[in-house]
Amino acid sequence: MTAVKTSLPRRRYDAVIVGAGGAGMRCSLQLAQAGLNVAVLSKVFPTRSHTVAAQGGIGASLGNMSEDNWYWHMFDTVKGSDYLGDQDAIEFMCREAPKVVYELEHFGMPFDRNPDGTIYQRPFGGHTANFGEKPVQRACAAADRTGHALLHTLYQRNVAARTQFFVEWMALDLIRDADGDVCGVVAYEMETGEVMILEAKITVFATGGAGRIWAASTNAFINTGDGMGMAARAGIPLEDMEFWQFHPTGVAGAGVLITEGVRGEGGILRNKNGERFMERYAPTLKDLAPRDFVSRSMDQEIKEGRGCGPNGDYIELHLSHLDPDTIIKKLPSIREIAIKFANIDPIKDPIPVVPTIHYQMGGIPTNYYGQVVAPKSGNPNAIINGLYAVGECACVSVHGANRLGTNSLLDLIVFGRAAGNHIVDQFKTGKVAKEHKDLPADAADLPMSRLAKIDGSTSGENTQVVAQAIRDNMQKHCGVFRTSALLSEGVIRINELAEAAESIHLKDKSKVFNTARVEALELANLVETAKATIVSAEARKESRGAHAHSDFPERDDATWMKHTLWYSEGNRLDYKPVNTKPLTVETFQPKKRTF
Ligand SMILES: Cc1cc2nc3c(=O)[nH]c(=O)nc-3n(C[C@H](O)[C@H](O)[C@H](O)COP(=O)(O)OP(=O)(O)OC[C@H]3O[C@@H](n4cnc5c(N)ncnc54)[C@H](O)[C@@H]3O)c2cc1C
């Protein structure tokens with residue numbers, strides 16, 4: 001035992017996983033089954049993680065309903081990423097996809113079935129046959145509740161494997177020693193307000209996305225970017241944070257998601273003249289073009305005065321031409337959402353929709369084993385010992401500048417499993433030391449000082465007011481279309497808000513289930529994620545994927561075919577090359593993206 005300057009209780013594990021969504025639980029399953037002593041922390045009960053809300057499907061070239069193969073899937077993903085995705089990781093993911101989906105099936109995941117008993121697959125945006133020729137049916141679905149089916153399956157498997165869950169525990173900060181190695185996390189128990197050190201030989205971040213830095217978002221309220229915040233405070237850079245996906249179809253005014261699976265089943269977007277405008281923008285794939293494309297087209301229609309409704313500020317998604325039975329059987333939750341949040345029944349009337357923030361392509365940089373990497377002594381991808389990241393908080397990077405629908409659930413399962421396998425292998429081959437590393441003396445200093453500051457506050461800023469100001473700032477300055485003027489104003493504003501977030505006043509200092517304290521702690525993570533996003537966006541002077549810059553409307557491969565790395569300290573930016581070398585096949589060369 002070392003002389004840690006704190007009397008905090010401590011527990012020791014082989015591995016601690018922060019996050020019990022699809023990625024965290026796929027990883028923990030691999031570890032628990034191998035007999036490792038593994039703890040999984042989650043702010044909410046595991047099956048309430050945002051993965052539960054995933055609707056449309058998980059992508060895999062099973063070819064059950066139309067001819068398909070993994071190489072076409074890889075082509076679509078590389079092109080969808082606007083050539084910023086790392087092709088080694090993309091090849092790995094698309095090759096593994098059928099295997100991991102069948103594995104889920106064998107775990108008992110209740111997929112929809114075709115009459116011949118095979119898994120049902122629907123078309124999805126940007127997924128094509130024969131290198132872009134026509135849409136393909138690749139999204140394996142359980143009605144419009146695929147994430148629900150997936151997460152519950154994984155939870156049950158973990159319970160059987162005796163994974164230990166810490167439910168309603170919030171990780172506050174990483175512990176890194178003088179060598180830069182990661183030795184675990186400091187965590188906060190919401191029920192009691194107590195803090196504990198969780199020592200780990202391996203720490204895995206699976207904390208999901210941060211869609212809550214925007215005002216209009218399809219994301220759960222818990223998606224506050226805690227993994228990114230903890231990494232940033234520990235000196236780890238964040239990669240490609242300027243790339244955020246606007247999903248074309250959030251319910252106007254409510255933000256709740258209407259899956260792309262609706263268009264996969266035949267739904268059509270129309271403007272106020274009733275025109276199927278996507279035929280003009282994407283003649284081949286039409287409504288099933290990738291999300292960045294469709295969102296921009298919708299935004300343009302609205303800006304040019306062809307939006308629907310009294311204020312001309314939304315687009316209509318029509319389903320009434322579909323067989324009511326298809327809607328009831330294949331899209332039951334969508335119908336329920338439309339009735340509850342838009343007050344219309346899609347069997348008869350169109351759903352009012354607008355592009356809504358949905359997914360972060362960037363995150364904590366990793367290789368395709370899930371190991372977190374950062375530049376060191378000339379190596380842009382030096383491994384940080386003891387730390388892995390998987391799922392939406394990680395940037396492998398398979399999604400590059402724009403993710404295809406269904407590729408996130410796939411990313412969770414492929415890389416959650418791959419990281420698990422890699423960790424088990426490290427233990428088996430003696431690459432992880434038998435003993436825990438000594439904790440540094442200042443192991444808990446950072447989180448304890450953050451807590452002491454809010455608990456000692458007698459006046460200052462209100463958490464919700466600052467959080468809302470961050471969300472408004474992102475919405476206004478970092479939207480579907482960006483300009484230099486908007487972005488540079490946004491950077492100034494976020495730096496002001498970051499300062500305001502330093503002096504939060506917590507009125508209620510009670511310990512038991514004090515959600516105000518949790519929100520104050522989350523605010524620090526919103527700040528880091530929002531800063532990373534807007535500073536990285538301001539610097540990228542081109543348009544690529546989801547980063548549409550009106551002053552620089554073209555993609556500029558000569559200057560900008562590179563990954564951004566943002567460091568919290570001094571808002572410093574660095575860049576690293578894109579890995580264009582796949583593992584076994586030929587590289588897909590950059591081309592202009594048309595659909
Ligand atoms: C409405 C919606 C529909 C979607 N539909 C699809 C789809 O059909 N297909 C597809 O491929 N993708 C879809 N996506 C995207 C996909 O669902 C997400 O990217 C994915 O589920 C994220 O999974 P995850 O495991 O990385 O994180 P999450 O499922 O978000 O889980 C994060 C976990 O981390 C925990 N956590 C966070 N911070 C802390 C902390 N500080 N301490 C302790 N625990 C913490 C949380 O409690 C939670 O358990 C959808 C997303 C949304 C929002």
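Predicted model: local features only at pLDDT ≥ 70, side-chain atom pairs only at ≥ 80, totals over all residues.

Biologist: At what angle do helix H3 and helix H4 pack, and how far apart are their axes?

Modeller: Helix H3 (residues 87–107) and helix H4 (residues 146–160) meet at an angle of about 65 degrees, and their axes lie 10 Å apart. Angles of 65 to 115 degrees count as roughly perpendicular, so H3 is roughly perpendicular to H4. The crossing of H3 past H4 is left-handed.

Biologist: Which residues of H3 and H4 meet?

Modeller: On the H3 side they are Leu104, His106 and Phe107, and on the H4 side Leu150, Thr153, Leu154 and Arg157.

Biologist: How should I approach the backbone?

Modeller: Most residues other than glycine have a negative phi, and most peptide bonds are trans.

Biologist: Which residues does a cis peptide bond join?

Modeller: The bond lies between Val396 and Ser397, with omega about 5 degrees. Ser397 belongs to the loop between strand E18 (394–395) and helix H11 (407–428).

Biologist: What is the phi of Asp240, and is Asp240 buried or exposed?

Modeller: Asp240 is not a glycine, yet its phi is positive, near 50 degrees. This residue sits in the loop between strand E10 (238–239) and strand E11 (244–251). Because its relative accessible area is 0%, Asp240 is classed as buried. Phe513 also has a positive phi, of about 40 degrees, and is found in the loop between helix H14 (484–500) and helix H15 (515–539). With a relative accessible area of 43%, Phe513 is partly exposed.

Biologist: How many salt bridges does a search of the whole structure find?

Modeller: The search finds 45. One of them pairs Asp179 with Lys437, at 2.8 Å from N to O. This pair links distant parts of the chain, 258 residues apart: Asp179 is in the loop between strand E7 (169–176) and strand E8 (182–189), and Lys437 in the loop between H11 and helix H12 (445–455). Asp179 counts as exposed at 53% relative accessibility, whereas Lys437 counts as partly exposed at 33%.

Key. Residues numbered from 1 in each chain as written. Heavy atoms only, no water. Axes fitted to C-alpha atoms, helices over the stretch in contact; angles between N-to-C directions. Helix = DSSP H or I, 4+ residues; strand = E, 2+ residues; numbered from the N terminus. Parallel < 35°, antiparallel > 145°, perpendicular 65-115°, else oblique. Left-handed = near helix turned anticlockwise from the far one by under 90°. Contact = heavy atoms within 4.5 Å. Buried < 20%, exposed > 50% of the residue type's maximum accessible area, 1.4 Å probe, protein only. Salt bridge = Lys/Arg side-chain N within 4 Å of Asp/Glu carboxyl O.
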